[in-house]
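Here are a few notes to go with the structure. Have a look at it first, then read on.

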Amino acid sequence: MLRIGIVGFGFMGRTHYQCWNKVEAAEVVAVCDTNPNIVEDTKKAVGNIGDAQSDIDFETLELYTDFDKMLDEAKLDAVSITLPTFLHPEFSTKALSAGVNVICEKPMALTIEACEQMIAAAKSSGKLLQIGHCVRFWPEYAKAKEIVAGGEYGKVVAASFRRLGSAPTWSLDDWFADEKRSGGMALDLHIHDTDYVQYLFGLPKAVAGFGAKAPGGGLVHIVTQYLYDDDKVVTAEGGWAMTPSFGFEMSFNLVLETATIVYDLTRKPMFKVCPAEADAFTPDVAEGDGWFLQIEHFAKLTAGEKLEPVTTLEESRDSVKIVAAEKQSIEEMKKVEIA
Ligand SMILES: NC(=O)c1ccc[n+]([C@@H]2O[C@H](COP(=O)([O-])OP(=O)(O)OC[C@H]3O[C@@H](n4cnc5c(N)ncnc54)[C@H](O)[C@@H]3O)[C@@H](O)[C@H]2O)c1
């Protein structure tokens with residue numbers, strides 16, 4: 001049985017808890033959070049999707065407020081790092097140095113340099129570090145990747161991705177609103193699609209971004225075109241300026257030579273393949289959501305199974321790099337090459 005700890009028990013910490021509970025070969029034994037009211041606060045509903053507010057059985061958990069103490073005492077095989085983004089490098093490095101495998105939420109870090117430090121820490125520790133780019137594991141996104149890679153419907157002509165909602169307001173100290181701690185909307189939310197674009201098509205040659213800012217100065221809505229060697233049109237739109245009553249949309253259209261693949265969380269059916277020569281159909285996809293499937297994958301790796309990598313540390317770093325180029329492109333109102 002893998003002994004699991006979780007540090008940062010807000011929306012994503014509780015989401016990881018629910019996912020780990022579904023992994024038979026693992027048990028969450030310890031939780032660390034600096035919030036002294038964590039037991040009461042876990043009863044509040046938070047987040048945009050998922051079941052983070054479901055019951056937590058605190059009787060079975062060792063509660064810590066000090067991460068070093070948890071690493072010293074809890075004899076963990078792995079830890080979920082579900083802390084505000086600016087803390088990812090420090091806490092990942094500590095856990096890896098203590099010989100504990102790490103699954104750390106996305107984005108990997110705020111800067112490319114910090115990502116490099118995390119990669120170096122993982123390499124020198126010999127332990128696993130996986131960044132939570134859950135969209136690669138999201139059943140419909142994973143299936144779409146499989147269909148595109150299979151080549152059955154020809155090449156991609158155009159691809160567009162959307163991720164739209166209202167600003168996250170569930171954190172205790174509103175750290176999401178502080179660009180220095182969260183990286184702002186582009187690094188926090190839109191990076192999901194940036195990373196998926198990279199997963200489908202590799203590193204773009206360049207990006208051209210357009211963005212709208214809130215009165216305070218932070219980006220709240222962004223549209224980026226990702227440029228490759230051929231003429232396919234790849235765009236992603238992200239924003240957290242939607243009104244709360246809008247809800248949350250994640251969606252994509254993939255236009256291939258002989259089929260169009262569409263997904264929209266807000267529509268029924270959510271997922272359709274529309275071939276040129278046949279009726280539209282909804283393919284079978286994996287059970288569960290991307291959060292669970294990425295944790296299940298990480299748990300198998302931690303237990304020593306050999307699996308094809310779905311996400312690499314270098315790609316997680318490159319997603320931070322691409323988003324930085326998108327922000328630069330918006331600031332300078334010009335196309336930015338990705339080095
Ligand atoms: N994959 C996804 O779909 C997804 C969705 C939302 C958030 N995230 C990412 O997950 C991470 C966490 O986001 P969240 O929404 O859970 O935030 P949150 O504010 O809900 O939770 C953060 C928790 O960390 C605790 N914390 C802060 N400093 C601490 C410290 N030094 N030691 C221990 N605990 C500490 C806070 O008390 C809080 O409970 C962020 O990196 C965010 O970008 C990912």
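This is a predicted model: local features need pLDDT of at least 70, side-chain atom pairs count only at pLDDT 80 or more; totals for chains, interfaces and linings use all residues.

1. The chain comes as domain 1 (2-132) and domain 2 (135-285 + 309-337); these bounds are from an automatic or database domain assignment. Residue numbers start from 1 along each chain as its sequence is written.

2. How far apart are the centres of domain 1 and domain 2? Taken over C-alpha atoms, they are separated by 25 Å. Contact between the domains involves 23 residues of domain 1 and 20 residues of domain 2 (in contact means C-beta atoms, placed from the backbone, within 7 Å).

3. On the side of domain 1 that touches domain 2, α5 (112-125) and β6 (129-132) each supply at least two residues, and α5 gives the most, with five. Helices here are DSSP runs of H or I with at least four residues, strands are E runs of at least two, and both are numbered from the N terminus. That side of domain 1 has 15 nonpolar, six polar and two charged residues (Ala, Val, Leu, Ile, Met, Phe, Trp, Tyr, Cys and Pro count as nonpolar, Asp, Glu, Lys and Arg as charged, the others, Gly among them, as polar).

4. Now for a helix pair: α8 (residues 184-201) packs against α10 (residues 313-332) at about 115 degrees, axes 9 Å apart. Axes are lines fitted to C-alpha atoms over the stretch in contact, with angles from 0 to 180 degrees between N-to-C directions. Residues making the contact include H190 and I191 of α8 and I322 and V323 of α10. By class, the α8 contact with α10 has five nonpolar, four polar and five charged residues.

How values were computed:
Two residues are in contact if their C-beta atoms, placed from the backbone, lie within 7 Å.
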